[in-house]
Amino acid sequence: MTAHSLDMLAWYFPMSFERASTLWLLPPAFALVFWLSRRSLAGLSPGRWWAANITRCVVLLLLLLAMAGAQWNRRHDALSVIYVVDQSRSIPEKLKQDSWMFVRETSRDIRPEDRTGLLSFDADSYIEQLPQKPGPDGGLHVDRLSPPLRADRTDLAQAMRMAMAMFPQDTAKRMVVLTDANQTQGDVLTEIRTAAANNIAVDVVPLRYKHRNEVMFEKLQAPAYAHLHDQIPLKLLLRSERPTTGRIMLYHDGVPVDPTGKGHRVELQPGVNPLTIRLALHHTGAHKFEARFEPDDPTADEIVQNNVARAFTNVEGEATVLYLHHPGGDESHRLEDDQPLIAALESERIRVVTASAAEADMDPARLQQYSAVILANVPADAFNETQHRSLASYVRDLGGGLIMVGGDDSYGAGGWQGSAVEDVMPVRFDVDETKQIPRGALVVIMHACEMPQGNMWTTETCLAALKTLSRLDYFGVVDWTARGYDWAIPLRLADDKKGVERQIRKMQSSDMPDYHQPMDIALTGLKARTDASQKHVIMISDGDASAPSPALLNKYRGAKVTVSTVSVFPHGNREIATLKDIAHRTGGKYHAIANSGDEKKLPQIFIKEAKIVRRPLIREAQFQPKRRSALSEILDGITGDLPTLNGYVVTTPRSPAEIDLPLVSDKGDPILAHWQRGLGRTVAFTSGWWTHWGGDWPSWPGYSKLWAQAVRWCMSQGSAANFEVMTRIEGDVGKVVIEALNKETAYLNFLQIQGNVLGPDGRARSIQLEQTGPGRYEADFPVSDSGTYLVNVHAAGGDEKPALIRTGVSVSYSQEFRQLGANETLLRQMADLAAFGRLLEGPTDQTPIFEHNLPETVSHQPIWHMLLALTVALFLIDVAVRRIAVDPRAVARRMRGFIADLAGRFAPGRQAEVVLGDLKVAREKVRAEKTAAGEGTALAAAREARETVAAGIDRGRKFEAGADAPRQPAGDLGAALGGATAVETQAPPTAQPGGAEAPAESVTERLLKAKKRARGQ
């Protein structure tokens, strides 16, 4: 049953049902009960037979009522009002203040039994106050609205859904929506219909405004695809409300097109103003364009957010490889080490662009201009965490190729463990426990630093160092705890990194008074780890603690334990000198963080220092690589034995079912491995460092061929020449449309086209294109932020070669800033569709909000649990009726006796006293009458008895009975003892047969007879 039908039923009957159709089972259930009872209850008396059947019917009735979802209906007259206030950026600030004043003023008219709630919204919804009874300031318990977090978008539909969920069920419901109705996502009319179906009244308060001085970019249009060195047209469309002058600044990949900075002067007329600018494209991959309008008069443009436009073009051309090296500060890292590989690739006509890791632009869109990226002995600390994710996304989401070449700063030895790059490589940078690898040991000494978010940065640095280690290494943290200097994390194997990470996040570092004790604790722990070949300490401090003793530093040198120090905003030169001296005397390094913002470098510093304990992963010995797989495309055509190598970095291959492992070392460790990861491919070569480990490889004839095949295997597969790609934005949804044709211009049907969309936030979303027509495939994806969305899909199927299609779409600004006034049409539609809805004039409207003009509300309280309890009780009665025979007449008698007993037992005490008093009066009256009638006779008889007794008594033998003594009582005991004599009442003579009178009985005789009668009964 619907909510509306339940409410209508409640007006006529106080009970309703969630599943009323269940009640149709009642007639057949009752009939079945009586039919079965004809034989099962045949032995019962008629009364018991009817009682058993009626009880069973009631039990079935209660069960079916519970199954039908019986509810008790209650009517309510209270009213709940929820204000829904638009806080999006398109509404002028003055109008936001007016809407808040409207809420405060109208909420003061609330009645004591009514309730009010408050919700604000932009792209998200925020509950300011749940429905409550009046507070100290009218109906509101809050004095301000929360600041909006995503004010560049509006989701009115989501706000209404949340408001409907806030309403209590036992009141009438009214929603007051204050908005300009410029929604950028969601469908508010659907929610209005839902509110009407649930009898929720919706009052619409329009927030009306009109921007009359405004210039906005309608569009910046660029071709989706272009060829290298083409001059493409950029079409700009600007809309102006009135004549305006200004300039347009155009940026290509973030660089101004006009180096003078003057831009293009424009004079805009009311309406749409078109403009075309041509640009030459000199590199392959993605090209991003951005245009900005700057008015000469700032008052001529009220909304600055819509003065920007963006576009995207993908250029296909000669394949280019980005070769990243890392000279660093170590003399062993020189570009000459990479020259053999660069020369080999160029000899195979592969275009190579070399760059230092510190200088390369790692933005995913910029990386798309390269078909593959080579990391040549580059350590992990050359990039930050964001750049690590960009490299991984370039492979997995954008279909790029990545080759990692080994060396003393690569793989696990370079601190890449736990990074996003490791996730896309065919080998893991950690090692198995079965391998005999010397362990490393790292201790971090944490000294609280007086800098913003000091504890947060110390936590992040510890985590960065932990991720760099393998599960075979030792890790511990010494800190100033509640127990003094102690192990915050005991020195142990890093085989449970998740558990250690939880411990690190619970730490709260304190200010250490000296360095000697924590360094002594760390040294003692490291010396106990005799199986660790490389031992290192990292100490972070602001330098204000006292220096360790020279003897302790000598012990460090003797134990070959190095200490690197990091000074964070030190207090002075003396503190810096202390930390420098510790690092110098133990063979470590000193790092300084002195400027604001430099603290972001701390994780990279700790990664770099943690690499010291990873040196055991390097194996430097001459060996000859062995072939393990003959099916690898990279070794295709390469025959004979391979030259020897002089070293490599130990890694662990992933599952054999996932990767190809063509080359291994003499110990079975991976040398060359490759696999497909997402849309891209990666290759791992664990040797390299050609001037040290290369041996005869650079002079080997197959050297250039092997590396050319490796690079080409990584590059994008196929071509998108047979695909026409279109992208566009519709509201808050991006659309991708692909037309697939073969070389004969015939439609390509039943292709599998899927891939990813990489948003401006760096997150990838999977998409699957579905065929909607002959050769036509479409997919949608959500658009929530401004920026460039890179679309990369892989098309496979049919007779064509698989192709990687790259395109993109740009969102210049939110639709929030495209509207120059309130959406009057939508506002009226909202009011028309709402149940009992009203369209008010605005925040100055005086219409009472808490007016009780809505129908009474009916709440439905489930009672199935009560019905089940009654069912159990009646079931027991049913069993008793069938099993226990009862005589109604005996029960009635016992009941009457019980009632009479209760009545006598609990009668009022005064009534008992009255009855007893009456009985006493009657007794005294009877006694008086009998005494008056027989007093003379009784006295004479008593006197005669006394004389007779006295005459027959012998005083000398008063205790002896003579033989002729009479057997009758001598007289009254009381008289014999000289006591009072009972006066007997003379009974009337009784007629004897023959007319003789019966002798009169004495009082004693009558008492004896009465006693015998009592005993006989």
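Predicted model: local features only at pLDDT ≥ 70, side-chain atom pairs only at ≥ 80, totals over all residues.
Local features are reported where pLDDT is at least 70, side-chain atom pairs count only at pLDDT 80 or more, and totals for chains, interfaces and linings use all residues. Numbering runs from 1 along each chain as its sequence is written, and side-chain values use heavy atoms, with hydrogens and water left out.

Let us start with an open sheet of six strands, whose order is β5-β4-β3-β6-β7-β42 with mixed pairing. Strands, like helices, are DSSP runs numbered from the N terminus (E, at least two residues, for strands; H or I, at least four residues, for helices), and two strands pair if DSSP finds at least two bridges between them. The edges are formed by β5 and by β42 (835-839), each pairing on one side only. On average, neighbouring strands of this sheet are turned by 15 degrees against each other, direction ignored. Inside the sheet, β3 (residues 79-86) and β6 (residues 172-179) run parallel and are joined by seven bridges. To find your place there, look for Ile-82, which stands opposite Met-175 in β6. Helix α19 (residues 824-833) packs on the sheet and touches β6, β7 (200-206) and β42. The direction of α19 makes about 150 degrees with that of β42; such angles run from 0 to 180 degrees between N-to-C directions, with axes as lines fitted to C-alpha atoms, for helices over the stretch in contact.

The side chain of Gln-129 reaches the backbone nitrogen of His-141 at 2.5 Å. Apart from its neighbours within four places in sequence, Gln-129 is in contact (heavy atoms within 4.5 Å) with residues including Thr-116, Leu-118, Leu-140, His-141 and Met-166.

Across the whole structure, a search finds 14 aromatic pairs. Rings of Phe, Tyr and Trp (its six-membered ring) pair if their centres lie within 6.5 Å; planes under 30 degrees apart count as stacked, over 60 as edge-to-face and the rest as tilted. One of the pairs is that of Trp-49 and Trp-50, which is edge-to-face, at 5.1 Å centre to centre and 90 degrees between the planes. Trp-50 counts as partly exposed because its relative accessibility is 48%. Another pair joins Phe-685 and Trp-697: the ring centres are 5.6 Å apart and the planes are at 55 degrees, so this pair is tilted. Phe-685 lies in strand β34 (residues 680-688), while Trp-697 lies in the loop between α17 (689-693) and α18 (703-714), so the pair ties together parts that are twelve residues apart in sequence. Phe-685 is buried at a relative accessible area of 0%, and Trp-697 is buried at 0% too.

Arg-681 lies over the face of Trp-713, at 4.5 Å from the ring centre, and the charged end of Arg-529 sits over the ring of Tyr-474, 5.2 Å from its centre. A charge sits over a ring if NZ of Lys or CZ of Arg is within 6 Å of the ring centre and within 35 degrees of the ring normal.

Further along, β35 (residues 723-730) and β36 (residues 733-740) pair in the antiparallel sense over eight bridges. Arg-728 has Lys-735 in β36 as its bridge partner. Two residues stand between the strands of this hairpin, in which Gly-731 takes a positive phi near 65 degrees.

Our last stop is β16 (residues 308-316). Eight of its nine residues are buried, so β16 is largely enclosed by the rest of the structure. With β9 (residues 225-227), β16 pairs in the parallel sense over three bridges, and Ala-226 has Val-315 as its bridge partner. With β15 (residues 285-295), β16 runs antiparallel, joined by eight bridges, and Lys-288 is partnered by Phe-312.

Conventions. Polar contact = N/O pair within 3.5 Å; in protein donor to acceptor, adjacent residues only side chain to side chain. Buried < 20%, exposed > 50% of the residue type's maximum accessible area, 1.4 Å probe, protein only.
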